[in-house]
Amino acid sequence: MNCTEEKKKLGFASDYMKGAYPAIIERLAETNMMETCGYGLDPICESARDKIRMACECPRARVEFLVGGTQANATVIDAVLRRHQGVVAAETGHIASHEAGAIEASGHKVLTVPHINGKISPEQVSIFLEDYYNDENHDHMVMPGMVYISHPTEYGTLYTKKELQELHEICRKYHIPLYLDGARLAYALACPASDVTLPDLAEFCDVFYIGGTKCGALFGEAVVVPDPELIPGFFSIIKQHGALLAKGRILGIQFDTLFTDGLYEKIGEPAIKAADKIRTILQMKDYHLCFDSPTNQIFCVMENDQLEKFGERVEYSFWEKYDEDNTVIRLATDWATTPEETDALIEIL
């Protein structure tokens, strides 16, 4: 994808290319000249926090608004881990593959394990932790101090409530926190294949974040800490990591809007419907779908000659080389994908 010039192509390269849900833009305009205190300490941010706590059925939760996903991951992981600890993640996890070493830059190693369609299983985590403590040299090694997962994963796949509960139990056994990256959480909540709810996340995760950037907000993520005592001094740590927005009201307005009348749980529905329709056509046309992804990301194999022509009309994401003659690409729908855009893509396919 070449971003150096504006192109009149169908946009299916990613799910954060559009601006924001119209109601958010309206509220930002309405409150543009309002003066409030900064850094998320204003009444609008507090209203958004209360709405998120209510949606998560977790009245004690600490909720903080950060400017982006990488900042949220780097800040939370650095805040929770001790100096000698690392974080366990799938080798395809965002912190391991697409954050330019942000976690390592804070002094913590990402301890990768093989993935299964983007996921790590409770069994894998249990074996990994058991092997660490059974190794007589473990005091000379990086100590696993956290387990990181994302829902949906980088491959668009989903954890089940049972898997989440089992991961939670394993982490409790070894006294380490479970952290969930929810950059695309709205698409998981809108997906009929998912049985995980916001209250489930509050019950089984020690920290998680609710994605805004990819889910209808201009930018920003809401970090939820069900037990507020887990991260002492969290506000100062956010500031230290450059992730604290002085005009915090801008973040509060966005999440206050997203969590009014259950909008966040519904905002991903157009993306899911569009992706399902595209997947159906791909299967009918005998394209090879690489992963069993039920959310808004679609991964398929396309012949290189065909891909060149396809790229003249559609923005897509390169994923990986399949073989000498074929490439795996990703098509991503989003909260604003229209039926007209979907039908146009299907006609091209």
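Residues are numbered from 1 along each chain as its sequence is written, and side-chain values use heavy atoms, with hydrogens and water left out. In this predicted model, local features need pLDDT of at least 70 and side-chain atom pairs count only at pLDDT 80 or more, while totals for chains, interfaces and linings use all residues.

The largest nonpolar core has 61 residues. A nonpolar core here is a set of buried Ala, Val, Leu, Ile, Met, Phe, Trp, Tyr and Cys residues joined through side-chain atoms within 4.5 Å. Buried means under 20% relative accessible area, exposed means over 50%, and partly exposed lies in between (1.4 Å probe, protein chains only). I52 and I210 have the most contacts inside this core. Beyond residues up to four places away in sequence, I52 touches V63, F65, I210, A222, V224, F255 and F259; contact means heavy atoms within 4.5 Å. In soluble globular proteins, nonpolar side chains tend to be buried together.

Helices (H or I, at least four residues) and strands (E, at least two) are DSSP runs, numbered from the N terminus. Helix α11 covers residues 249-258. Of its 10 residues, 9 are buried, so α11 is largely enclosed by the rest of the structure. The buried set includes R249, Q254 and D256, as well as L251, I253, F255 and L258. Helical partners of the buried α11 residues are α1 (22-30), α2 (43-56) and α12 (263-266). Their strand partners are β2 (62-66), β7 (207-211) and β8 (221-225).

Helix α3 (residues 69-80) is also mostly covered, with 9 of its 12 residues buried. These include G69, N73 and T75, along with V76, I77 and V80. At 1.5 Å a residue, α3 should span 16 Å, and its end C-alpha atoms are 16 Å apart, which agrees. The expected span is 1.5 Å times one less than the number of residues.

Helix α6 (residues 122-134) packs on helix α7 (residues 161-173) at an angle of about 15 degrees, with the axes 9 Å apart. Axes are lines fitted to C-alpha atoms, for helices over the stretch in contact, and angles run from 0 to 180 degrees between N-to-C directions. The angle makes α6 roughly parallel to α7 (under 35 degrees). From α6, the contact uses P122, E123, V125, S126 and L129. From α7, it uses E163, E166, L167 and I170.

Several loop residues were examined. T92 sits between β3 (85-90) and α4 (94-97). T92 is buried, with a relative accessible area of 15%. Neighbours within four places aside, T92 contacts S97, H115, G118, E154 and Y155. A193 lies between α8 (185-189) and α9 (198-204). A193 is exposed, at 55% relative accessible area. With the same exclusion of neighbours within four places, A193 contacts L158 and P294.

Most residues other than glycine have a negative phi, and most peptide bonds are trans. A cis peptide bond joins H151 and P152, with omega about -5 degrees. P152 is in the loop between β5 (143-150) and α7. Y39, in the loop between α1 and α2, has a positive phi of about 65 degrees. Y39 is partly exposed, at 34% relative accessible area. D286 also has a positive phi of about 65 degrees. D286 lies between α13 (269-284) and β9 (288-289), and is exposed, at 70%.

Methods:
Parallel < 35°, antiparallel > 145°, perpendicular 65-115°, else oblique.
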